[in-house]
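Let's walk through this model together, from its overall form down to a few side chains. Have the viewer open as you read.

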Amino acid sequence: LASANERYDAKHGFIFIICASGKSAEERLKSIDERMENDASVELANASREQRKITALRIEKLSERRSKTT
């Protein structure tokens, strides 16, 4: 994964981001390999979508924790 991340960063100029929740290392590696074929503009859109997923999960977990304490 580290090597694939380095290749991705070298090609696109920014780090690989994926909502990794529930994904195995093999699944994440496959995603990097598939997304390496995209150009930077497509990958910026993909990164944005993945960041939204991550943020939504974090908000959901925070809401669940707050619900348990009230």
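The accessible surface of the protein comes to about 5,100 Å², and 54% of that belongs to carbon and sulfur atoms; such areas come from the Shrake-Rupley method with a 1.4 Å probe, and for residues only the protein chains shown count as cover. Before going further, a word on ground rules: this is a predicted model, where local features need pLDDT of at least 70 and side-chain atom pairs count only at pLDDT 80 or more, while totals for chains, interfaces and linings use all residues. Residues are numbered from 1 along each chain as its sequence is written, and side-chain values use heavy atoms, with hydrogens and water left out.

The secondary structure comes to three helices and zero strands, where helices (H or I, at least four residues) and strands (E, at least two) are DSSP runs numbered from the N terminus. The radius of gyration is 15 Å, well over the 11 Å that the globule rule gives for 70 residues, so the protein is more spread out than a compact globule. That radius is taken over C-alpha atoms, and the rule is 2.2 Å times the number of residues to the power 0.38. Along the principal axes, the C-alpha atoms fill a box of roughly 50 × 25 × 15 Å.

Helix H3 covers residues 40-69, and its end C-alpha atoms are 43 Å apart, which agrees with the 44 Å that its 30 residues should span at 1.5 Å a residue (the expected span is 1.5 Å times one less than the number of residues). In H3, Glu 43, Asn 46, Ala 47, Glu 50 and Ile 54 are buried, meaning under 20% relative accessible area, with exposed over 50% and partly exposed in between (1.4 Å probe, protein chains only). The buried residues of H3 pack against helix H1 (2-12) and H2.

Now look inside. The largest nonpolar core is made up of Ala 4, Tyr 8, Phe 16, Ile 18, Ile 32 and Met 36; a core is a set of buried Ala, Val, Leu, Ile, Met, Phe, Trp, Tyr and Cys residues joined through side-chain atoms within 4.5 Å. Ser 31, found in helix H2 (residues 25-35), is buried at a relative accessible area of 16%. Leaving aside residues up to four places away in sequence, Ser 31 touches Phe 16 and Ile 18, contact meaning heavy atoms within 4.5 Å.
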